[in-house]
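Let's take a walk through a protein model together.

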Amino acid sequence: RTGVKLESKRQEARQSIKNRLIEINTLAAAWYHKGLTESPRAQDARDYLGRRGVNQPMINQFFIGYSPDEWDLLYKFFIKKGFGIDDIQASGLIVKTYDRFRDRIMFPIWNSQGQVVGFTGRILHEKPDSGGKYVNSPQTAVFDKGSLLYGMDKARQEARVKDYLIIVEGQMDTIACHQIGIKNVVAASGTALAPAQVALIKRYTTNIRV
């Protein structure tokens, strides 16, 4: 009645957690990308991307990275940065004290605001205990696979201009299209299209091509 806005402490706490997770994901994306572009141990990853025809501008634009085949390098990186174990685990990048993604080419996933909220990791050297070829970040306070589309942050303006959006299966398909100038392209990352993803698309166009 007096015009004083009352803020919920619980709501503030949730937003604070989201901000910390986005900071962690952003730092991880930079760490993975530096590993791909500068580390000698990432040569096989660079060779793989070269064989797939991905050029350096696309590697930089999509901030593709590499997670080395080590158990706790990323965990130690975050500890040195001063992050608490609870926040690191909440990001989904760490399970207990070991890295979730190992020996994988890393594709950061942005929300429509351009914030890094999760990752998809593609195995580089397949082994019996490697897990799936593609592994995604788990559900977190900022990552919900069913409400995100890979590349939407880069495709949305072109989709609005052309008034249609092309949906492909995976990250490499999206990058290949953008590399040859077809920029109104996103990936559903191999899943069925969810209602929240359709709602996201409708912000920019009502026309979909698959």
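We'll start with the overall build, then visit the sheet, a helix and the core.

First, some ground rules: this is a predicted model, where local features need pLDDT of at least 70, side-chain atom pairs count only at pLDDT 80 or more, and totals for chains, interfaces and linings use all residues. Residues are numbered from 1 along each chain as its sequence is written, and side-chain values use heavy atoms, with hydrogens and water left out.

The C-alpha trace spans about 65 × 45 × 30 Å along its principal axes. Of the 210 residues, 44% count as buried, meaning under 20% relative accessible area with a 1.4 Å probe, protein chains only (over 50% is exposed, in between is partly exposed).

Now find the open sheet, where four strands line up in the order β1-β4-β5-β6 with antiparallel pairing. Strands count as paired if DSSP finds at least two bridges between them. At the edges sit β1 (65-67) and β6 (134-136), each pairing on one side only. Strand β5 (residues 116-123) joins β6 over three antiparallel bridges, and R122 stands opposite Y134 in β6.

Which helix packs on this sheet, touching β4, β5 and β6? That's α7 (residues 171-179), whose direction makes about 70° with that of β4 (104-110). Such angles run from 0 to 180 degrees between N-to-C directions, using lines fitted to C-alpha atoms, for helices over the stretch in contact.

Stay in α7 and look for H178. H178 is buried, with a relative accessible area of 4%. Not counting residues up to four places away in sequence, H178 touches M58, Q61, F62, K154, A155, K183 and V185; a contact means heavy atoms within 4.5 Å. The H178 side chain also reaches the backbone oxygen of K183 at 3.4 Å.

Finally, the inside. In soluble globular proteins, nonpolar side chains tend to be buried together. Here the largest nonpolar core has 47 residues, and L49, I64, F78, L93 and F119 touch the most other members. A core like this is a set of buried Ala, Val, Leu, Ile, Met, Phe, Trp, Tyr and Cys residues joined through side-chain atoms within 4.5 Å. Helix α1 (residues 9-38) supplies the largest share of this core, seven residues.

Conventions. Helices (H or I, at least four residues) and strands (E, at least two) are DSSP runs, numbered from the N terminus. A polar contact is a pair of N or O atoms within 3.5 Å; within protein, one must be able to donate a hydrogen and the other to accept it, and residues adjacent in sequence count only if both atoms are side-chain atoms.
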